[in-house]
Amino acid sequence: MRGSPMSKEIMSSALVAEGKGVKVLFGEFVNQDYLFSYIGKIIYGHSGLQNIYILENNFWGRMLFINNNLQFTSRDEFVYHEALVHIPFQSAPEGFIKRALICGGGDYGCARELLKYPQVEEVVIVDIDPLIPKLVEEYFPELLPLDPKDKRLKLITADAYQVVKEYLSEGKTFEFVIIDSTDPDIGGPDEIQELSHALYGKEFHEMLKKICPEGIIVQQCGTPFTMKDILLGAYKIFTEVYGKDQVYVFRANVPSFGSDNAYIMRCPFKNPRIPKGVPPADVRYYTHDIHTASFALPKFWLEALNEE
């Protein structure tokens, strides 16, 4: 009998082959009993200094994971990088920033944004893992500067902590320092795995204050909704080293991160909430309105910061 429940299709045809590669369900633990999951193909995997995976997903594009934590996706990385660079950059007087140091940032995203400013004379990336720049060049070419061979750009494969120590002894200075690293470990000394852990410490920032005595220093602080310890720990160190009157927190909604990402900035200039210059034309997230709005923090962020 046509149309009766008895004639309902029970069996199904096989899926059409999707080409080479195995499709997997990849899980990223966000918090207790809470994870983000993605369906895609792992197109690169390596375990060395860090555990690195690149997943190809139909929605997010290519996704870079370090130590099982998402770093960025090819779909929305521009939000994270433009916020980290242009908001601090535009907080300084126009023409002030000539030399910039990026601690971490081997993915080139921050360098790409900095090199959009003709006034910038030197950009130094110091990343401990030699694989990251190579992987970006192969799998994420959109993160490279417009001119990958720009003579203003220098890439150093080394521990940023040690390089800053050397710069301090040499008397080298910068007007802008960006700490664009993986999130630090939260816990005791036996639980430290992240190579970036020392970059969130007080000793490191005391050195940065000497090599960037009159400039801007900014650090990414993860997503406070699920990892408030990182922002609160950074805020405590920033206020102790730079003074509370020079410390500002701003945010950007990075869709693939699931909630607002926090950034903390030392800015010795007045009214950093008011942009001071003309932004590059080829941006997709940053505007002067976004700049000002980024400093408006949720009440629960402010309450947590005030408790520190």
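Which hand does the crossing of H6 and H8 have, left-handed or right-handed? Keep that question in mind while you look at the structure, which is a predicted model. Here are some notes to read alongside it.

1. **The two helices.** The crossing of H6 and H8 is right-handed. H6 packs against helix H8, residues 299-306, at an angle of about 40 degrees, and their axes are 10 Å apart. On the H6 side, the contact is made by Pro 224, Phe 225, Leu 231, Leu 232 and Tyr 235, while H8 brings in Phe 300, Trp 301, Ala 304 and Leu 305. Sorted by class, this contact has 9 nonpolar residues, with no polar and no charged ones.

2. **Other salt bridges.** The structure holds 11 salt bridges. One of them joins Arg 112 to Glu 113, with the closest N and O atoms 2.8 Å apart. Here both partners, Arg 112 and Glu 113, are buried. This pair belongs to a network of salt bridges that links Glu 77, Arg 112, Glu 113 and Lys 116. Another bridge runs between Arg 152 and Asp 150, and its closest N and O atoms are 2.9 Å apart. Asp 150 counts as buried because its relative accessible area is 16%, and the cut-off for buried is under 20%.

3. Ile 54 stands opposite Leu 64 in E4. As background, strands of a sheet pair through backbone hydrogen bonds, either parallel or antiparallel.

4. **The seven-stranded sheet.** In what order do the strands of the open sheet come? The order is E8-E7-E6-E9-E10-E12-E11, with mixed pairing across the 7 strands. Strands E8 (153-157) and E11 (247-253) stand at the edges; each has a single partner strand, so one side of each is left without a neighbour in the sheet. On average, neighbouring strands of this sheet are turned by 15 degrees against each other, direction ignored.

5. **Pairs inside that sheet.** Both kinds of pairing can be found here. E11 pairs with strand E12, residues 260-266, in the antiparallel sense over 7 bridges, and Arg 251 stands opposite Ala 262 in E12. E6 and E7, by contrast, pair in the parallel sense over 5 bridges. In that pair, Leu 101 stands opposite Val 124 in E7. E7 is mostly covered, with 5 of its 6 residues buried.

6. **Helices on the sheet.** Helix H1, residues 77-89, packs on the sheet and touches strand E9 (176-180), strand E10 (216-220), E11 and E12. The direction of H1 makes about 155 degrees with that of E9. Helix H4, residues 160-170, lies across strand E6 (99-104), strand E7 (122-127) and E8, and runs at about 150 degrees to E6.

7. Let us finish with Ala 262, whose place is in strand E12. Is Ala 262 buried or exposed? Ala 262 is buried, with a relative accessible area of 0%. Leaving out residues up to four places away in sequence, Ala 262 touches Gln 219, Gln 220, Cys 221, Gly 222, Pro 224, Leu 231, Phe 250 and Trp 301. Among these, Pro 224, Leu 231 and Trp 301 also take part in the contact of H6 with H8 from point 1. Asp 147, on the other hand, is 115 residues from Ala 262 in sequence and 30 Å from Ala 262 in space, C-alpha to C-alpha.

Key. Residues are numbered from 1 along each chain as its sequence is written. This is a predicted model: local features need pLDDT of at least 70, side-chain atom pairs count only at pLDDT 80 or more; totals for chains, interfaces and linings use all residues. Side-chain values use heavy atoms; hydrogens and water are left out. A salt bridge is a side-chain nitrogen of Lys or Arg within 4 Å of a carboxyl oxygen of Asp or Glu. Buried means under 20% relative accessible area, exposed over 50%, partly exposed in between (1.4 Å probe, protein chains only). Two strands pair if DSSP finds at least two bridges between them. Helices (H or I, at least four residues) and strands (E, at least two) are DSSP runs, numbered from the N terminus. Axes are lines fitted to C-alpha atoms, for helices over the stretch in contact, and angles run from 0 to 180 degrees between N-to-C directions. Contact means heavy atoms within 4.5 Å. A crossing is left-handed if the near helix is turned anticlockwise from the far one by less than a right angle, and right-handed if clockwise. Ala, Val, Leu, Ile, Met, Phe, Trp, Tyr, Cys and Pro count as nonpolar, Asp, Glu, Lys and Arg as charged, and the others, Gly among them, as polar.
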